[in-house]
Amino acid sequence: MDFDIIIVGAGMAGLTAGRILANSGQRIAIIEARHRVGGRIFTTHASDGAGRPDMPVELGAEFVHGLPPETWSLLREAELATYEIDGVELCTSGGPLQVHQHSGAGISVLEHMLAFEATLPPDGDLTFAQYLGRVAIDQAARTRAVEYVEGFNAADSAVIGVKALAMQQRAEDQIDSDRLFHVRQGYDALPRFLARQVEAAGGTILLGSMAQRIGWRRGAVTVSGAHERGDAFALAAKQALVCVPLGVLQAQAIEFAPAPGRILAQARRLVMGTVMRMTLVFRARFWAGADLPNVPAGVQAGLDRLSFLFTHGALPPTWWTPMPDTAAMITAWVAGPKVALIESAPATPAKPDALLQRCLGTLANAFGLSTTSLEQLLLSWHCHDWQADLLARGAYSYVPAGAIDASAQLTEPVEDTLYFAGEHTDTTGHWGTVHAAVRSGLRVAAQLQGGTR
Ligand SMILES: Cc1cc2nc3c(=O)[nH]c(=O)nc-3n(C[C@H](O)[C@H](O)[C@H](O)COP(=O)(O)OP(=O)(O)OC[C@H]3O[C@@H](n4cnc5c(N)ncnc54)[C@H](O)[C@@H]3O)c2cc1C
């Protein structure tokens, strides 16, 4: 045996588990296909053109949602500074900008849904769209609720289940998840901290190494694949911990021999959601302090503290700045079925340009400016295509109606030899988040050590 446990995937799940296992004296190797750790935490750095050369720009996970104890204990341990997002929320439905009044509309529909869900039998479930079809709410509240659910969960409201949404809502209430925080130096400082700890504890991390096949029998696995240089590797261990994203598992991009049929069947019951996000970095905050044509006097004062902007009916529909950080950047967000509308272009080099033009057009309309004037102010723009990324195959998971038990089934080891973790295996209602990935790493480490977490 080369190792006791081989971990496939150096995202937060694999690194969290790897650190615990290495610290407990296990000989572990983490095999990672990318050249970096962190997976769907992916930070780049940009210049603001005026003396701040390394502003962090997130291409994947950006916010610490609320106060999940696992994430905050890691942030403290890594001594990473954070700040809370705070500012004025504005919106437009094509006309002048207004102070955003609908923040709570989507959420209050979800609160009614909680009472409804409590009346469902244990094996009863329905999609969020079916639920909305049964209740008497006005069209505006319905639209906002769909926008909220699809935007947050990267999900199709005609697929995502009420049971999962209710579980998620209750879980979020417990951690104040409407509060949002940034890691000041960039989110990737967290996985990089964990990677250093794994190596300090004697663990091995092999970057640029793609796992292609996991051959196994009870108590023995061989993980084989190719390093980026093209040369093959084959490593033997007693157990394997598979921490690749749901989309990778579903696509069977890694061949298992023999196939763990029960696990693959459960993975197919979940769905990988879609997200397009693009961050635009400008020379200056053109929205702040200026006399903009589309901005009524009452709203003007709030512009200096703009945080979220909702452009209803336009694409992209959601935007945010890093307020109270006054960096001149604004991020566009589209999630769920709307991604298909904006990403209709094939994955060619022209695709990001088409997205950029779309973003600039919507932003220019919102502020009553010309696209050309924004183009002249634009310093850089940053985007990663998570749908086309073969090591992610989507943004993050969600749970369709009728599949509430699938994640728990994914936590059941196969013959005490194959173990699975990752945000999609979270059983606490936090799917699709960094803290879900961390929790799954803690859970699987305890399982591998014979605990019962
Ligand atoms: C655009 C976007 C925005 C998000 N925003 C937030 C947010 O604001 N807050 C939040 O909490 N969460 C957010 N998330 C979700 C969060 O990023 C994920 O839930 C979390 O990072 C997943 O961690 P993981 O360890 O489960 O998977 P990953 O981070 O995906 O790690 C899996 C690893 O497996 C590797 N891998 C895949 N195939 C192979 C192979 N064959 N061989 C070797 N390695 C392989 C991958 O390269 C990857 O490094 C966002 C995600 C996206 C995409």
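**Close-up 1. The ligand between two domains.** Domain 1 (3–40 + 188–272 + 398–448) and domain 2 (43–91 + 179–186 + 273–383) both contribute residues to the shell around the ligand, so the ligand lies between them. These domain bounds come from an automatic or database domain assignment. This is a predicted model, in which local features need pLDDT of at least 70 and side-chain atom pairs count only at pLDDT 80 or more, while totals for chains, interfaces and linings use all residues. Residues are numbered from 1 along each chain as its sequence is written.

**Close-up 2. The shell around the ligand.** Here 41 residues surround the ligand, the closest being G9, G11, G39, A61 and A437 (a residue is near if its C-beta atom, placed from the backbone, lies within 6 Å). Elements giving two or more residues to this shell are α1, β11 (209–217), β16 (275–282) and α15 (434–448); helices (H or I, at least four residues) and strands (E, at least two) are DSSP runs, numbered from the N terminus.

**Close-up 3. Where domain 1 meets domain 2.** In this view, 15 residues of domain 1 are in contact with 15 residues of domain 2 (C-beta atoms, placed from the backbone, within 7 Å). On the domain 1 side, α15 gives the most, with five residues.

**Close-up 4. Helices α1 and α7.** Helix α1 (residues 12–23) packs with helix α7 (residues 189–200) at an angle of about 30°, their axes 9 Å apart. Axes are lines fitted to C-alpha atoms, for helices over the stretch in contact, and angles run from 0 to 180 degrees between N-to-C directions. Look for M12 and L15 among the contact residues of α1, and P191 and L194 among those of α7.

Terms used:
Contact = placed C-beta atoms within 7 Å.
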